[in-house]
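Student: Hi! Could you walk me through this one before I set anything up?
Tutor: Happy to, here it is.

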Amino acid sequence: MQNRILVINCGSTTIKFQLIDTEHRTALVKGSVDRLGRADCEAKIAYLYKNEPSTAKSLGHASHQDALAWMFNALPQELKPTAVGHRVVHGGNFFDQAVQIDERVLANIAASSSLAPLHNPIQLEGIRASQTLHPEIPHFASFDTAFHQSKPLVHRMVPLPAQVVQTYGYRKFGFHGASHRYVSRRAAALLGRDIRDLRLVTCHLGGGSSVTAVQGGMAVDTSATYGTFTGMPMGSRSGDIDAGIILDLLMEKGKTPQEVYNMLYKESGLLGISGVSADMAELERLEAEGHQGAQLAREYYAYSLKKFIGAFAAVMNGIDGIVFTAGIGEHDAPLRYRVCKDLAWMGLQIDEVLNRQIRGEGFISAAGSAVAALVIPTNEELAIALEIEELLPNT
């Protein structure tokens, strides 16, 4: 039987979806709804299986449920999904793989919402709305954190009192799991090597960013750990910051927890450093025009990325390849060069021409480089669909 998995990714103001033919690993239908809740809310859909261009439709002040109803109605009747897969950012300590959704699963997603307050509540709303619209289709949840559950104990522990850790379940998690899993396997294929023999650092660099050490196909360490603002600086999220600063803001400067939350999640990172924008493409343009804040933001981002790559190479006792993916990783050639040119000490030689010219997936390291550098466009939707397909015979 040919499986068609509908993968849905609900955000606060957007919904993205793909209907994927898992046998041929291709998207049959692809679409999105942007600016939810606003008067200019717009839906787009492309029927790729018929090679038709994308069409757009105004949805007015559509809610998530309105948008999902439009999406299901817009899917071709002859291509009814075998299953629906929902991307969920945080599975807490509950999930180490995708699962079919029932009330217990929904309760555990809700219980993990404090760990991903910008994501889980919205994704939970999307799941409930989709189940209401099509209860006859099995629904599954795929968790960004699941790929990172395999980390060795010493890599996932936090150095707090054992009783506190046991009581509250504190540990290092990890995010963008579907992306890191997908690009690490594609890297192994492009290198022509068994992933069980490889030590890779995969760099998912976008509005949200995380870096992961993948050894033998398993995530052994990652940059974003407990809070979704940790690790790399992001669009408006701070990245790693000395906890003493947070304590000082709360205890000495009179800031409320909500004010500190807003600062860490919404006012920091690239936006906070540059003072002008959370968008890396805009910062690239401004840096070229001589804007000092933009230059500093990009320098700090590159510095942080180099630091994680070097640290993870040490964790794995060496490195075979570095993978750049997601919006920044795939499209920002100057940033890739800024990072890679300083990694010659580990045996990486970047090819400046390949780095500038690459479109799609391929190598940007020079021939003979001891460490490979690759650009691999992420395909989280396909990764989620294939993960869910493995569970279908058991449903």
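Tutor: First a term: buried means under 20% relative accessible area, exposed means over 50%, and partly exposed is in between (1.4 Å probe, protein chains only). By that rule Arg285 is partly exposed, at 43%. This is a predicted model, where local features need pLDDT of at least 70 and side-chain atom pairs count only at pLDDT 80 or more, while totals for chains, interfaces and linings use all residues. Residues are numbered from 1 along each chain as its sequence is written, and side-chain values use heavy atoms, with hydrogens and water left out.

Student: Which residues does Arg285 form salt bridges with?
Tutor: One is Glu282, with the closest N and O atoms 3.8 Å apart. Another is Glu289, where the closest N and O atoms are 3.2 Å apart. A salt bridge here is a side-chain nitrogen of Lys or Arg within 4 Å of a carboxyl oxygen of Asp or Glu.

Student: How are Glu282 and Arg285 placed in helix H10?
Tutor: They are three residues apart in helix H10 (residues 280–288), so about one helical turn separates them. Helices (H or I, at least four residues) and strands (E, at least two) are DSSP runs, numbered from the N terminus. Glu282 is partly exposed at 31% relative accessibility, and Glu289 is exposed at 57%.

Student: What about Arg298 and Glu287, buried or exposed?
Tutor: Both are buried. Arg298 forms a salt bridge with Glu287, the closest N and O atoms being 2.7 Å apart. That pair links distant parts of the chain, eleven residues apart: Arg298 is in helix H11 (residues 292–315) and Glu287 in helix H10. Salt bridges with shared partners join Glu287, Arg298, Glu299, Asp332 and Arg338 into one network.

Student: And how many salt bridges are there in the whole structure?
Tutor: The search finds 20.

Student: Switching topic: how many disulfides?
Tutor: Zero, searching the whole structure. Cys41 is in no disulfide, and its nearest cysteine sulfur, that of Cys10, is 12 Å away. A disulfide would be a pair of cysteine sulfur atoms within 2.5 Å.

Student: OK, sheets now. What is the strand order in the open sheet?
Tutor: The six strands run S11-S10-S9-S12-S14-S13, with mixed pairing. S11 and strand S13 (362–363) are at the edges with a single partner strand each, so one side of each has no neighbour in the sheet. Two strands pair if DSSP finds at least two bridges between them.

Student: How do S10 and S11 run?
Tutor: Antiparallel, with four bridges joining strand S10 (residues 209–215) to S11. Val214 has Ala219 of S11 as its bridge partner. The two strands form a hairpin with two residues between them, and Gly216 in the turn has a positive phi of about 65 degrees. Of the five residues in strand S11 (residues 218–222), four are buried.

Student: And S9 with S12, parallel or antiparallel?
Tutor: Parallel: five bridges join strand S9 (residues 199–205) to strand S12 (residues 321–325). His204, for one, has Thr325 in S12 as its bridge partner.
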